[in-house]
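Q: Could you take me through one part of this structure in detail, and then show me how that part sits in the rest of the chain? I'd like a connected account that I can follow with the model open.

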Amino acid sequence: MKAAVVRKFGDNLDVSEFERPVPGPNQLLVKLVTSGVCHTDLHAAQGDWPVRPEPPFIPGHEGVGVVEEIGENVDDFQIGDMVGNAWLWSACGKCEYCRKGWETVCDSVTNGGYTANGSFSEYMLVDARYAPRIPEGVDPVEAAPILCAGVTVYKAIKETEAKPGDWVVISGIGGLGHIAVQYAVAMGMRVVAVDVAEDKLELAKKHGAEAVVNAAVDEPGEKVKEITGGGAHGIVVTAVHPKAFGQAIAMCRKLGTIVFVGLPPGATDVEIFWVVLNRLTIRGSIVGTRQDMVEALDFFARGKIKPTVATRKLDEINDIFDEMKKGAIDGRLVIDYR
Ligand code: NAD
Ligand code: ZN
Ligand code: ZN
């Protein structure tokens, strides 16, 4: 099968022949139809993070495809079913975190396109116990970004604990952020979008942001406080620049919650004084559980979320990464295998 393979961190992906996997117990062999390209795939290929996978590996964790072979012990999928992969590829189901319903931080989690080969490939394996079922009748190009970007921002917005009618800031209007704007609107919140590029802010307005702030032009904390009358109740930072994380403190209303989602390597400045005096909460959020995925896909299937997408071919993966580095992508690029 043809696949885009990371052979060495920082090198171009090698689009070449790779051995087609055989499904083991609890696994499905899936023939890919589409796959979104997440900025996480670029971090993975560059080896950006403290925990790194072992090359060679195949990135991609927004894959949508058709079940072609079924391994042992699987009784709830049939050949021809539409299924996806996800960052939460599999978990142990037994550790303290799995028992508490926090399988996303499982002690022995397997991540799609990282520690399990992913969807930049004509075929992939998924764990039938964890793989998201794709709702009937949806467009596989638009469905792909829901499998990481969608579920991640849906969960992160819940983690802000903002209520309908509250203000939410979405910082970073890329693949994740432009979908976050839509979930926040669908969940009844008022959205301020923050980015450093005007075209991204235009996209946010198109998807329902009430106000926008260009952090390269204005001081974002002051501007958000002015718009929201004292700061946003919830803030979701998806930006790929560390500076955006520190800036979120000044945008936050007293008692508010800031959720860190973006994963640029490095550190940021957090002014301790305002976190303490304003009783702020800062928390991280990593993708979503299987239940979050069901809910996120349900919003999508009911037409509340419509990702901005364009399609490319697998051979173009290195060009896609170049565009991503430049911040030149509108919404999400999706590989179409058809
Ligand atoms: P993307 O490249 O599509 O978008 C990034 C956006 O950040 C762009 O719109 C860019 O203009 C904007 N940006 C850059 N600097 C900024 C700044 N200073 N202030 C505001 N905006 C700024 O990336 P993506 O696919 O949306 O992923 C975003 C990040 O989220 C990546 O680091 C990715 O690894 C991470 N991620 C995390 C999770 C999770 O579960 N926590 C899941 C998926 C992706
Ligand atoms: Zn992702
Ligand atoms: Zn576990």
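A: Happy to. Let's begin with a pair of facing residues: V169 stands opposite V192 in β10. Keep in mind that this is a predicted model.

That pair belongs to the contact between two strands. Strand β9 covers residues 167–171 and strand β10 covers residues 190–195; the two run parallel and are joined by 5 bridges. In general, strands of a sheet pair through backbone hydrogen bonds, in either a parallel or an antiparallel way.

Now zoom out to the whole sheet. β9 and β10 are part of an open sheet of 6 strands with parallel pairing, and the order across it is β11-β10-β9-β12-β13-β14. At the edges are β11 (211–214) and β14 (281–284), each of which pairs on one side only. From one strand to the next, the twist averages 20 degrees. Helix α8, residues 243–251, packs on this sheet and touches β9, β10, β12 (232–237), β13 (252–260) and β14. The direction of α8 makes about 160 degrees with that of β13.

Next, the domains. The domain assignment of the protein chain gives domain 1 as 2–148 + 288–336 and domain 2 as 150–284. Their C-alpha centres lie 26 Å apart. Where they meet, 26 residues of domain 1 are in contact with 24 residues of domain 2. Between them the two domains bury about 2100 Å², with 59% of that area on carbon and sulfur atoms. The interface also holds 3 salt bridges.

Finally, a few backbone details are worth a visit. P55 and P56 are joined by a cis peptide bond, with omega at about 0 degrees. You will find P56 in the loop between α1 (39–46) and β4 (63–70).

N26 has a positive phi, near 70 degrees, in a residue other than glycine, and N26 lies in the loop between β2 (14–17) and β3 (27–36). For N73, phi is likewise positive and near 70 degrees, and N73 is placed in the loop between β4 and β5 (82–84). N73, at 58% relative accessibility, counts as exposed.

Key: Residues numbered from 1 in each chain as written. Chains lettered and ligands numbered in written order. Predicted model: local features only at pLDDT ≥ 70, side-chain atom pairs only at ≥ 80, totals over all residues. Heavy atoms only, no water. Pairing = 2+ DSSP bridges. Helix = DSSP H or I, 4+ residues; strand = E, 2+ residues; numbered from the N terminus. Axes fitted to C-alpha atoms, helices over the stretch in contact; angles between N-to-C directions. Contact = heavy atoms within 4.5 Å. Buried < 20%, exposed > 50% of the residue type's maximum accessible area, 1.4 Å probe, protein only. Domains from an automatic or database assignment. Buried area = accessible area lost by both parts, 1.4 Å probe. Salt bridge = Lys/Arg side-chain N within 4 Å of Asp/Glu carboxyl O.
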